[in-house]
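I opened this entry to look up the packing within the chains and the contact between them.

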Amino acid sequence: MFHLFKNLKNVYKYRVLIQNLVSRELKARYRGTILGFLWSFFNPLLLMIVYTIVFGLIIRPRDPAFGGSPLMYALYLFCGVLPWTWFSSSSLESANVLMVQGNLIKKILFPVEILPIVVVTSNFVHFVFGLPILFLFAMIMLKKFTVYILFLPLVILVQFVFSLGFALIVSSLTVHFRDVKDILANLLTFWFFASPIIYTVKFESIQKHKWLQVMLDINPMTHIMQGYQNCVFFGEMIRWRRLGVTLLVSLVLFVIGYAIFDKLRDSFPEEV
Amino acid sequence: MVVIDVDNVTRIYQKYSTRHRFKTFKSSFVKGDLFKAIKPDELVTALDKVNFQVHEGTAFGVIGENGSGKSTLLKIITGIAKPTSGKVSVQGKVSALIELGAGFHPEISGRENVFINGIMLGLSKKEIIKKFDDIVRFAQLEDFIDAPVKTYSSGMYMRLGFSIAINVNPDILLIDEVLAVGDASFVPKCLDRIDDFRRRKKTILFVSHDLATVEKICDRVLWLKEGRMQMIAEPKRAIDAYLQDIAEMQEEDFEYRQKAIENAVEKEEEGEDRRQGRWGKKEIEITKVRMKNLEGKEKHVFSPDEGMDIEIDVVAKSRIKDFVFGIGIFNSQGISCYGTNTNSEEFKPLFIEGKGKIVCRLEKLNLINGTYYLDVAIHKIDGYPYDYHSNMYTFMISSLYKDVGVFRPEHSWSFSPAIKIKPAPPKKE
């Protein structure tokens, strides 16, 4: 624990660097494109339009959980996919980041954990750019604005801590086991379907099977996703206890992730 | 005051082979212990009990071949790598010119990269804003600073990197081989800055293969070989010892090459090089050729200030009255650097019978750096060869001088009073 606080203090000293690296990352991503930053809005917008067409016109699912409306389902899906994309791209990029920035690690002395932190943060910024699109469609389709949206920052915070912890583990392990990258890609696909993003726990098929419910309950992503869906889609109060426990789990993951990262830190300059 | 104290530092690198790693990765799942898999299967000692101290305001050089541990040493001093055992303590702010522009992002502008790189090297945003113009001016990049770094040439890249690092204004400057890529106008500027540093009583640790610069800049020099300290001494002594060591190793290499050439010629194979060969009916045969320094030591690596004795053993099958001994020196491009024979120097042959020995003494070689080939021949005055050895012997000139050409006449410079020019600092003896 002592190490953790010392490390965090050191990272805090480098906050200007984090800030600059994140803004560099964002600038570099759209450098040379005509639309530039607007892409951050267009990407989720186009995704939402695709969902609307596919589910509103073609598949037309009519589950009572979404008020029997296919368009509502498109919104529900978007509400989960947006934060999930933040998590999955953070994780995948973290798996690579130490190798990609190997030159830096070998030549300059700085707290290396900054690199996965920057990855998670810059993906977070992208996520934030997508939020107005989500809010816009929520307003159009739900025809009202729920106050529970004010609890969104809490959900985001839980996901942030969870993503950081996961990114620290993934980035440090990949240095020694390049296989992690491939395992991760598959794991994330599985994880996506194991979380209530394209379905809800209210589905009858899930309510019928006890083991499915247990599986969903032990998955931290379930509670994070439900947090978003409650705040934006259903307009309900977040589940304090569930989210609280998830926050605790996220903190534990963060501490463990940081410990693993710290333990492997000295081997990075030679192994990347 | 001691500002860098390297106390009995050993650094052992762990080599992991991928096969081994893969095996343990699978087994690590079975045993359920991922950390067990992160075990090395081979150890390499990069630094072995290295001990030295650098005092404030001095310049300390580190020399040695590739792989002798110089870069590892620098990394340990900067803190990027940790010593396996031993201790390093450093007083003051360190800036490392290890790899210039490490961490530049190609897609964003030079301006933004200056900020990020500067922050990484320990400057605050305010300090960078204050020094920004200096950094850009020194790098000569005023017109390009807002262009993405990917459009920079490697020289521009390096200049910007150097300019940022030197403007960090450290107490201790670590320099690793970075001046090697600069162009003719930028390197002197860098050296000026480094001199400036010395004048301001800052400490420099300089790692380089450029021995002439090491000799010029440094007060003391450490010679590393295979991770072990060979010597810490004044630059001249350490560099000489190092060069001597290299020469001895090259010597072995040359002996090997020599044998290969002789074997090839004996078997009358055509060597890779058509110039190599031996012809003549051997009425007078050259049995052995040796190159020695003036002290009589046989060797193949010479300094330009050294002399050379070319010893030729010959055997005449009968009593012969018409003969000329000749030598020729060619450089690696096949250009004749020097050639002479006893006839052109107007020796009159009387007779030769049985075994004999000829020594041709070159008082001072006065050649530039490079590999040379030696021709040795015995022929009639009209040119009919008895035994002609073409390009069969080879030697090398290894010097600190950076001059070019084929030949190094002894020379000196003088200037009339209207010309102000700074002489090279006197070589420390």
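This is a predicted model: local features need pLDDT of at least 70, side-chain atom pairs count only at pLDDT 80 or more; totals for chains, interfaces and linings use all residues.

Residues are numbered from 1 along each chain as its sequence is written, and chains are lettered from A and ligands numbered from 1 in the order in which they are written.

I looked up Phe78(A) and found that, leaving aside neighbours within four places in sequence, Phe78(A) is in contact with Leu47(A), Met48(A), Tyr51(A), Leu134(A) and Phe137(A). I then looked for nonpolar cores, meaning sets of buried Ala, Val, Leu, Ile, Met, Phe, Trp, Tyr and Cys residues joined through C-beta atoms within 7 Å; a residue is buried if 20 or more other C-beta atoms lie within 10 Å of its own, exposed if 12 or fewer, and partly exposed in between. The largest has 138 residues, and those with the most contacts inside it are Phe78(A), Leu174(B) and Phe206(B). A second, separate core has 28 residues, including Val314(B) and Phe395(B).

For chain B I recorded 9 helices and 18 strands, taken as DSSP runs (helices H or I, at least four residues; strands E, at least two) numbered from the N terminus. Of the 429 residues in chain B, 33% are buried.

Turning to the contact between the chains, I found 23 residues from chain B and 21 residues from chain A. On the chain B side, H4(B) gives the most, with 5 residues.

Notes:
Two residues are in contact if their C-beta atoms, placed from the backbone, lie within 7 Å.
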